[in-house]
Amino acid sequence: MPEVVLQDVAKHYGNSIAVENMSLRIGDGELVALLGPSGCGKTTTLRMIGGFVDATSGQITVGGRDVTHLPPNRRNMGFVFQNYALFPHMTAAQNVAFGLEMRGLNKADTERKVREALARVRLGHLADRLPRQMSGGQQQRVALARALVIEPDVLLLDEPLSNLDAALRHEMKIEIRQLQQSLGLTTVFVTHDQDEAMSTADRMVLMYNGKVEQVGPPDEVYGRPRSAFAAGFLGIPNLLPGRMTATQDGFRMEAGPVLRLDGQEAQMGKSLLALRPEVVGIAAEAPEGAANILPGRVEVMTYHGAAVEYHLRTEAGPMLTARATAPGLGGPNVLPVGARVWLHWAPSAGVIVSEN
Ligand code: ATP
C-alpha cells in the first residue's frame with residue numbers, strides 16, 4: 001500500500017479557513033485518526049484526500065503520485081461516508097457491485113468479488129436485502145464492503161460508527177481494525193470521539209481550528225498532551241495554573257504549595273500542570289513519604305464500571321479529579337462525600353502544558 005503525503009494543504013471558503021497549511025505523512029498500512037471538535041476541519045481534510053473537496057493550495061500525493069486535483073474516481077480510494085450513502089433501491093450485492101461495474105469488470109469476476117467482499121464483512125447471507133431491510137450496523141458493513149471491493153490504495157472513513165449504538169460501535173471498531181490490519185490498508189479515519197481514536201489508531205492527529213494541534217501514537221498524545229486544549233479534549237480534567245520554579249524541578253501553584261516535578265522541558269512564564277485522574281492517588285490518611293500531597297474534600301463521586309471517580313476540592317482552591325479502581329474489583333472502599341482526604345502523586349506523573 002502506498003503512503004499518503006499532505007504538504008501544506010489548505011482549504012479556504014471565501015474569507016474563512018477550514019484547513020490551514022496542513023502537512024502530514026500517512027505511512028504504508030498505517031491507520032491515522034483525525035480527531036477534534038466539530039468544525040475543526042477533519043471532514044474537509046478527509047474529503048480533500050478523497051477528491052470530494054478541491055484543495056485551495058498545497059499538494060497531496062499517494063505513493064509519490066500527485067493526486068491533488070484528480071477527481072475521486074481516479075484516485076483508487078475507498079470511502080465510507082457517515083450516513084453510508086448506500087443506493088436505497090439496490091440490494092446489498094448491487095451496492096457492492098456498483099464500483100466494479102463502473103470500472104467495466106466482467107459479470108463473473110464482479111459476482112465473485114462481491115461474494116468475497118460481503119463474506120469478509122460477514123454479510124453473505126444478506127446479499128439480496130435492500131438497505132431499508134437492514135440494521136444500521138449491517139448497512140455500515142455494506143458500505144465497508146463497497147469501499148473494500150475495489151481493492152483501494154487508501155481507505156477513508158468519515159465517522160463510520162457515529163450512527164451505531166454503543167455495543168455495535170464497539171464491535172465494529174474492532175472489526176474495522178482487524179480488517180484494516182489483515183489487509184494492510186493505509187487508512188484515514190475521522191472521528192470526534194477520543195476513545196474511538198485512541199483505541200483504533202496507530203497515530204492520532206488532533207485538530208483544532210483548522211490546524212494540527214498534536215500528532216503521535218495514542219499513548220504518547222494522551223500521556224504528554226502539549227496544550228490545555230489537547231489535555232481537555234483527551235479527557236484530562238486536571239489543569240492546575242501556576243509557573244515552573246527557576247530550577248525546573250518544581251511547579252509553584254498559583255494558590256498553593258510548590259509541587260515536585262520531574263522530566264519537564266523548560267517552560268517560561270505561566271503554564272498549567274496537567275494530571276491524569278488515574279495518576280492521582282487518594283488516601284484517607286496523610287500518606288508518608290509522598291512527594292506531592294494536597295489535602296482536600298470529596299465533593300462528588302461517580303461510578304464508571306471498573307473505576308470510581310472522585311471530584312475533590314483541594315484546600316489550595318482548585319478542583320481535582322482522581323480515579324480509583326472500583327471496590328468490587330479490588331479497589332479501596334468508597335469514600336463518602338464530604339470526607340477529608342489526601343491527594344498524592346509522583347513527581348514524574350505531571351505534565352506541563354501550554355495555555356491555548
Ligand atoms: P464535524 O465534526 O462537525 O463534521 P469537522 O471537523 O469535520 O466538523 P469540517 O466539516 O471540515 O469540520 O468544517 C471545517 C470548517 O469549514 C467549519 O467551520 C465549516 O463550517 C467550514 N465549511 C465546511 N464546508 C464548507 C462549505 N462548503 N462552505 C463554507 N464553509 C464550509
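Which residues point one way from β8, and which the other way? In this predicted model, Thr 186, Val 188 and Val 190 take one side of the strand, while Thr 187, Phe 189 and Thr 191 take the other, and all are buried. Because six of the six residues of β8 (residues 186-191) are buried, the strand is largely enclosed by the rest of the structure.

Let's look at the neighbours of β8. Strand β3 (residues 31-35) runs parallel to β8 and is joined to it by five bridges, with Leu 34 standing opposite Val 190. Strand β7 (residues 154-158) is also parallel to β8, again through five bridges; here Leu 155 has Thr 187 as its bridge partner. To get from β7 to β8, the chain passes through helix α5 (residues 166-183), making a right-handed β-α-β crossover.

Now step back to the whole chain. It is divided into domain 1 (4-223) and domain 2 (228-353), whose C-alpha centres lie 38 Å apart. Eight residues from domain 1 and five residues from domain 2 make the contact. On the domain 1 side, β9 (203-208), β10 (211-216) and α7 (218-223) each give two or more residues. The residues on that side comprise five nonpolar, two polar and one charged.

Finally, a word on annotation. The unreviewed UniProt entry places the feature "domain: ABC transporter" at residues 4-234. In the model, that span is 37% helix and 26% strand, and its end C-alpha atoms lie 26 Å apart.

Terms used:
Residues are numbered from 1 along each chain as its sequence is written. This is a predicted model: local features need pLDDT of at least 70, side-chain atom pairs count only at pLDDT 80 or more; totals for chains, interfaces and linings use all residues. UniProt positions are given in the numbering used here, feature names are shortened, and annotations may be inferred rather than shown by experiment. Helices (H or I, at least four residues) and strands (E, at least two) are DSSP runs, numbered from the N terminus. A residue is buried if 20 or more other C-beta atoms lie within 10 Å of its own, exposed if 12 or fewer, and partly exposed in between; C-beta atoms are placed from the backbone. Two strands pair if DSSP finds at least two bridges between them. A crossover is right-handed if, with the strands pointing away from the viewer, the path from the first strand over the helix to the second runs clockwise. Domain bounds come from an automatic or database domain assignment. Two residues are in contact if their C-beta atoms, placed from the backbone, lie within 7 Å. Ala, Val, Leu, Ile, Met, Phe, Trp, Tyr, Cys and Pro count as nonpolar, Asp, Glu, Lys and Arg as charged, and the others, Gly among them, as polar.
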